[in-house]
Amino acid sequence: GKDYCNEIVMSYINLITYKACSYLSGYLQKETRETEIGNRRSEEYFNKFMSLLKQNFKNERSLEFYAEKLYITPKYMTTLIKKASSKSAMEWINDCVIMEAKNLLKYSEMSIQEISEYLNFSNQSFFSQYFKRISGHTPSEYRAQSQ
């Protein structure tokens, strides 16, 4: 009778192990699904954000503006954008503005004042500070180098 008891105990332990494993794998699948859904969601928001950015970056540089258009908070938007890409929302905004400014400085005849107005900065000195903070050069230094 002792072997019989051992067998029952062993099969009971196997059953518990099996249950635990299947529960765990179900949980992990659910986790993965939620992560996938989370990733899909952040990618969707990222794509919407990028298309809004392309349309509005000349006039709008605030996180609030874009978050409002996406019907989410600036904080949540920042989290989603960072998750979907390697940069924060603010970095994307700055990159767009600086890229446009660099192209204008390099390829256009526009004065720095005109570029500053075109990119909707309140004044030229604010534009120059912004440009230097992000690119490491003043607009005139950049223009001189790229000629």
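Which residues does Phe127 touch, not counting residues up to four places away in sequence? The partners are Ala101, Ile112, Ile115, Ser116, Leu119, Phe121 and Pro139, where contact means heavy atoms within 4.5 Å. Let us keep Phe127 in mind and walk through the chain around it.

A word on the ground rules: this is a predicted model, in which local features need pLDDT of at least 70 and side-chain atom pairs count only at pLDDT 80 or more, while totals for chains, interfaces and linings use all residues. Residues are numbered from 1 along each chain as its sequence is written, and side-chain values use heavy atoms, with hydrogens and water left out.

The protein chain holds seven helices and zero strands, with helices (H or I, at least four residues) and strands (E, at least two) taken as DSSP runs numbered from the N terminus. Of its 147 residues, 32% are buried; buried means under 20% relative accessible area, exposed over 50%, and partly exposed in between, with a 1.4 Å probe and protein chains only. The accessible surface comes to about 10100 Å², and carbon and sulfur atoms hold 55% of that (Shrake-Rupley method, 1.4 Å probe; for residues, only the protein chains shown count as cover). Among contacts with a separation of 6 or more, 55% join residues 24 or more positions apart.

Now to the interior. In soluble globular proteins, nonpolar side chains tend to be buried together. A nonpolar core here is a set of buried Ala, Val, Leu, Ile, Met, Phe, Trp, Tyr and Cys residues joined through side-chain atoms within 4.5 Å. The largest such core has 33 residues, and Phe49, Leu53, Tyr66, Met77, Leu119 and Phe127 touch the most other members. Two or more residues come from each of helix 1, helix 2 (63-69), helix 3 (74-84), helix 4, helix 5 (112-118) and helix 6 (124-135). Helix 4 gives the most, with nine residues.

Helix 4 (residues 89-107) has 19 residues and spans 27 Å from first C-alpha to last, close to the 27 Å expected at 1.5 Å a residue; the expected span is 1.5 Å times one less than the number of residues. Its buried residues include Trp92, Asn94, Glu100 and Leu104.

Side chains of opposite charge can pair when their charged atoms come close. A salt bridge is a side-chain nitrogen of Lys or Arg within 4 Å of a carboxyl oxygen of Asp or Glu, and the count comes to one: Asp95 with Lys87, at 2.5 Å from N to O. Asp95 counts as partly exposed because its relative accessibility is 30%, and Lys87 is partly exposed at 25%.

Two serines are worth a stop. Ser42, in helix 1 (residues 2-56), is buried because its relative accessibility is 1%. A polar atom of its side chain lies 3.0 Å from the backbone oxygen of Asn39, and Ser42 touches Leu80, Lys83 and Ala84, leaving out residues up to four places away in sequence. Ser135, in helix 6, is buried at 18%. Its side chain reaches the backbone oxygen of His137 at 3.2 Å, and beyond neighbours within four places in sequence, Ser135 is in contact with Ile98 and Lys102.

Finally, look at two loops. Tyr71, between helix 2 and helix 3, has a positive phi of about 60° although it is not a glycine; at 77% relative accessibility, Tyr71 counts as exposed. Asn120, between helix 5 and helix 6, has a positive phi near 60° and is partly exposed at 39%.

Notes
Polar contact = N/O pair within 3.5 Å; in protein donor to acceptor, adjacent residues only side chain to side chain.
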